[in-house]
Amino acid sequence: MKFIVIDDSSTMRRIICNTLERLGYDDVIEAENGLEALGKLRDIDVIFTDWNMPEMDGLTFVKSVRASQSFSTIPIIMITTESGKPDIIEALEAGVNNYIVKPFTPEILREKIEKVLRK
Ligand SMILES: [Mg+2]
């Protein structure tokens, strides 16, 4: 199982990666923004992406992935501070499979991963 964590904050990437490792997922790569991530999606099983990032934000990234030939079916979990209902609806309509609001617990991360992998 290979994951990618996309966030412009290196601290947040470390927190997410450490949490994933504690949950038993240790094959995790990172990207600083959506644009960098688009070149790293080969063999990825689950994508974790932030919303607010320079170069390419999470919403634009999600739309690009869903429109792509090769990667359109990869489950995407958005991890963000944008917790308003319109934001969540916009993300889901763009093709996000699930949504985590920062800060989050390891238990929540585990639940969301199991949910998207079950589909
Ligand atoms: Mg950010």
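Two residues count as being in contact if their C-beta atoms, placed from the backbone, lie within 7 Å. The model is predicted, so local features need pLDDT of at least 70 and side-chain atom pairs count only at pLDDT 80 or more, while totals for chains, interfaces and linings use all residues. Residues are numbered from 1 along each chain as its sequence is written.

Colour next by secondary structure, where helices (H or I, at least four residues) and strands (E, at least two) are DSSP runs numbered from the N terminus: the protein chain follows the pattern β-α-β-α-β-α-β-α-β-α, with five helices and five strands.

Now select β1 (3–6) and strand β2 (residues 28–31), which pair in the parallel sense over four bridges, pairing being assigned if DSSP finds at least two bridges between two strands. Within this pair, the bridge partner of Val5 is Glu30 in β2.

Move on to helix α3 (residues 58–67), in which Gly58, Leu59, Phe61, Val62 and Val65 are buried, that is, 20 or more other C-beta atoms, placed from the backbone, lie within 10 Å of the residue's own. Seen down the axis of α3, these buried residues fall within an arc of 160° (taken from the directions from the helix axis to the C-beta atoms), so they line one face of the helix.

Methods. Buried ≥ 20, exposed ≤ 12 C-beta atoms within 10 Å, placed from the backbone.
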